[in-house]
Amino acid sequence: MADTRAARGRLDTPRELRRPLVRRPTFRADAFGSFAEAFARYMGTARFIAWMTMVVVIWVVWNLLVPKEWRFDEFPFIFLTLALSLQASYAAPLILLAQNRQEDRDRAIAEQDRRVASQSKADMEFLARETASLRMALGEVATRDYLRSELRLLLEELDERDRHRGPIDQPSGDAGDSPRTT
């Protein structure tokens, strides 16, 4: 007995698990919400309105036209009013629950859209900065047209110098210069 008391007081010893005689029922946490959404979705259809209208019409016609001993709800149709009130009293909270769940989903989607938009904006700003830096870098790079124009200018300068030097076989008078041939 003293050993079990000592074992219970220790934190490194797991407690003995007692199992109840009757297990509590387990259910999916979202099951009722899913049912409420399905019910609200069905109540918003033309099929539901048509079925409800048929039931009410049959109810009224039955209780007006059949013999008195077969009638179950006389003219003020109190039982029909009670049934419709009961249906409405259950439908309203189910519809509100479905709307709340839809609001939660919409809020989560909006938050995700905000995150995606924020990331897209950051990506676009990054790309704009990169494009600007590439444009600046390209401004410093020699393009093909620039190189061609520079080479043309150099060729013209060489031609101009050759024209001023005179014919090719005559040295210009410098001892170190050798005649240039093309």
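The salt-bridge count is eight, where a salt bridge is a side-chain nitrogen of Lys or Arg within 4 Å of a carboxyl oxygen of Asp or Glu. This is a predicted model: local features need pLDDT of at least 70, side-chain atom pairs count only at pLDDT 80 or more, and totals for chains, interfaces and linings use all residues. Residues are numbered from 1 along each chain as its sequence is written, and side-chain values use heavy atoms, without hydrogens and water.

**View A. Asp30 pairs with Arg101.** Their closest N and O atoms are 2.7 Å apart. The bridge links distant parts of the chain, 71 residues apart: Asp30 in the loop between helix H1 (2–9) and helix H2 (31–43), Arg101 in helix H4 (residues 78–140). Helices are DSSP runs (H or I, at least four residues), numbered from the N terminus. Arg101 is buried at 16% relative accessible area; Asp30 is partly exposed at 39%. Buried means under 20%, exposed over 50%, partly exposed in between (1.4 Å probe, protein chains only).

**View B. Arg105 pairs with Glu37.** The closest N and O atoms lie 2.8 Å apart. Arg105 sits in helix H4 and Glu37 in helix H2, 68 residues apart. Glu37 is buried at 10% relative accessibility; Arg105 is partly exposed at 34%.

**View C. Arg115 meets Glu111 in a salt bridge.** The N to O distance is 4.0 Å. Both residues lie in helix H4, four residues apart, about one turn of the helix. Arg115 is exposed at 52% relative accessible area; Glu111 is partly exposed at 34%.

Note on methods: Helices (H or I, at least four residues) and strands (E, at least two) are DSSP runs, numbered from the N terminus.
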